[in-house]
Amino acid sequence: MSGKRLSERVVVIRGAGEQASGIACRLYRANVRRILMLETEFPLAVRRLVSFCEAVHDGEMTVEGVTAVRADRVEDVAGMWSAGKIGVLVDPAAESLYTVRPDLLLNATLAKRNLGTSIGDAPLVVGLGPGFCAGVDCHLVVETNRGHDLGRVIGAGPAEADTGIPGAIGGYTSERVLRAPVAGRFENERAIGDLVQQGETVGRIGEVEVRATIDGVLRGMIRPGAVVKAGLKIGDVDPRGRKDYCVTVSEKARALGGAVLEALLDRYNC
């Protein structure tokens, strides 16, 4: 094993949505700052104000004081690290792994299935949630289901199966999630951070209204103009009504970040 300091370890995260971004923030604050996040060409995050994938669209995104910048070439990433930034690269097939050679590869796409990550991709490969099996296609798996085992680092076998039911917040599960009623182009009428009431129109897909299903704060919403499929998650209403929750990392993402940090320290802090 090389004699690198922990702060010199390179972390590549596949995915730069809400949970992946919360993990990246936690690693960054632990002084693990050589982080590269890989994304698709048009990521569709719901909690956009806490997702580094927004850098793909806007060039830069800051979450809780940590800034990520879009890299047009993998060769640009080292300069971003020197400037204290996280790199975000459009590379859905993770072809940059051969150049970056990470010490830790984290698959945080939350696709509920493995879309191409192999245990041989890095000295330490971690899968987030269902779809991965520790000891088979990755070294470790992190449990993502809310509850007693959230954030548990699993050394053998899979995480719990996907329930298909969103975690409860304020007593609501599926009710707090906004889904596209039809396929088409989404346009918003309300913004993230707005307080909304049950039945209120928050956006449209063509002529079809998208209505809030409960009272609360609009904690997340996909980008206006996005083309969506029927049934896709396009928004999130938080019944607690706290506007500050729209711009801060959730307790779940912080827990997952702690688990990934545990995995990193267990492997390299010796």
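Residues are numbered from 1 along each chain as its sequence is written, and side-chain values rest on heavy atoms, with hydrogens and water left out. Because the model is predicted, local features were required to have pLDDT of at least 70 and side-chain atom pairs were counted only at pLDDT 80 or more, whereas totals for chains, interfaces and linings use all residues.

A search of the whole structure gives 22 salt bridges, a salt bridge being a side-chain nitrogen of Lys or Arg within 4 Å of a carboxyl oxygen of Asp or Glu. One of these joins the side chains of R219 and D236 at 2.8 Å, N to O. This pair links distant parts of the chain, 17 residues apart, with R219 in strand 17 (residues 216–221) and D236 in strand 19 (residues 233–238); strands here are DSSP runs of E of at least two residues, and helices are runs of H or I of at least four residues, both numbered from the N terminus. R219 and D236 are both buried, where buried denotes under 20% relative accessible area, exposed over 50%, and partly exposed the range in between, computed with a 1.4 Å probe and protein chains only. Through salt bridges that share partners, R176, R219, D236, D238 and R240 are joined into one network.

In the salt bridge between D72 and R70, the closest N and O atoms are 3.4 Å apart. Here D72 counts as exposed because its relative accessible area is 63%, while R70, at 32% relative accessibility, counts as partly exposed.

With regard to aromatic rings, the structure holds zero aromatic pairs, under a criterion in which rings of Phe, Tyr and Trp (its six-membered ring) pair if their centres lie within 6.5 Å, with planes under 30 degrees apart taken as stacked, over 60 as edge-to-face and the rest as tilted.

On the surface, F42, L44 and L232 form a nonpolar patch with about 250 Å² of accessible area together. Patches are made of residues with over 30% relative accessible area and no salt bridge, like charges being joined within 9 Å and nonpolar side chains (Val, Leu, Ile, Met, Phe, Trp, Tyr) within 5 Å, and the areas come from the Shrake-Rupley method with a 1.4 Å probe, only the protein chains shown counting as cover for residues. L44, placed in the loop between strand 2 (34–39) and helix 2 (54–58), is partly exposed because its relative accessible area is 35%. E41 is found in the loop between strand 2 and helix 2 and is exposed, with a relative accessible area of 65%. Neighbours within four places in sequence aside, E41 is in contact (heavy atoms within 4.5 Å) with V56 and V90.

T201, in strand 15 (residues 201–205), counts as buried because its relative accessibility is 16%, and, residues up to four places away in sequence not being counted, T201 touches E189, R190, E209, V210 and R211. S250 lies in the loop between strand 19 and helix 5 (251–268) and is buried, with a relative accessible area of 7%. By the same exclusion of sequence neighbours, S250 touches E18, Q19 and R47; the C-alpha atoms of S250 and Q19 are separated by 8.3 Å, although these residues are 231 residues apart along the chain.

Backbone geometry was also considered. Most residues other than glycine have a negative phi. N31, in the loop between helix 1 (18–29) and strand 2, has a positive phi near 70° and is partly exposed at 40% relative accessibility. E64, which is not a glycine, has a positive phi of about 50° and is found in the loop between strand 3 (60–63) and strand 4 (66–71).
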